[in-house]
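Take a moment with the model below. Start with the overall fold, then follow the strands.

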Amino acid sequence: MASSHEFVQYVCDQLSDAGAVTYKRMFGEFGVYLNGKFFATVENDQFCLKITEAGRALLGEAATVIEPHEGGRYFYVENLDDRVFLAELARATCDALPAPKPKKKKGV
C-alpha cells in the first residue's frame with residue numbers, strides 16, 4: 001500500500017519546527033529531507049527514521065526497528081503528535097548523519 005500525499009504532508013508539517021523539511025518520491029514511496037539531508041522515509045503511511053545513536057538516545061531502547069525495503073533498517077516513529085520532540089529528534093538524527101555527497105556535474 002503506497003503512502004498518501006496527505007500523510008506525507010502531515011508528517012512534514014509536524015517536523016517543520018526542525019528546519020526546511022521537504023520530500024521526494026523514492027522507490028514508490030517518499031524520502032524525507034531536513035535542510036537538504038535525507039534522514040527518513042514515509043512508507044505505507046508510516047514515518048521511518050534512519051537509525052542513529054542520537055535517535056536511539058531520544059527514542060529509547062524500546063524503539064521499533066523495521067525494514068521497509070531490502071537492507072534498510074529504520075526506527076518506526078509512531079507518535080507524531082509532539083512537534084517539539086519530533087523537531088529535536090529530526091535535528092539530532094541529521095546531526096549524526098554524514099553530509100550528503102556533492103552531486104557530479106553532467107558532462108564533466
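Predicted model: local features only at pLDDT ≥ 70, side-chain atom pairs only at ≥ 80, totals over all residues.

The protein chain holds three helices and six strands. Read from the N terminus, the order of elements is α-β-β-β-β-α-β-β-α.

Now the overall dimensions. The C-alpha trace spans about 45 × 30 × 30 Å along its principal axes. The radius of gyration of the protein chain is 14 Å, which agrees with a compact globule, because 108 residues packed that way would give a value near 13 Å. Of the 108 residues, 39% are buried, where buried means under 20% relative accessible area. Contacts can also be sorted by sequence separation. Among those with a separation of 6 or more, 51% join residues 24 or more positions apart.

Next, the surface and the charges. The accessible surface of the protein chain is about 6,700 Å². Carbon and sulfur atoms contribute 52% of that surface.

Now look at the strands. Strand β3 covers residues 37–43, and strand β4 covers residues 46–50. The two pair in the antiparallel sense over four bridges. E43 stands opposite Q46 in β4. β3 and β4 form a hairpin, with two residues between them. In that turn, N44 has a positive phi of about 55 degrees.

Conventions:
Residues numbered from 1 in each chain as written. Heavy atoms only, no water. Rg over C-alpha atoms; globule rule 2.2 N^0.38 Å. Buried < 20%, exposed > 50% of the residue type's maximum accessible area, 1.4 Å probe, protein only. Contact = heavy atoms within 4.5 Å. Areas by Shrake-Rupley, 256 points an atom, 1.4 Å probe, with all protein chains shown as cover. Pairing = 2+ DSSP bridges.
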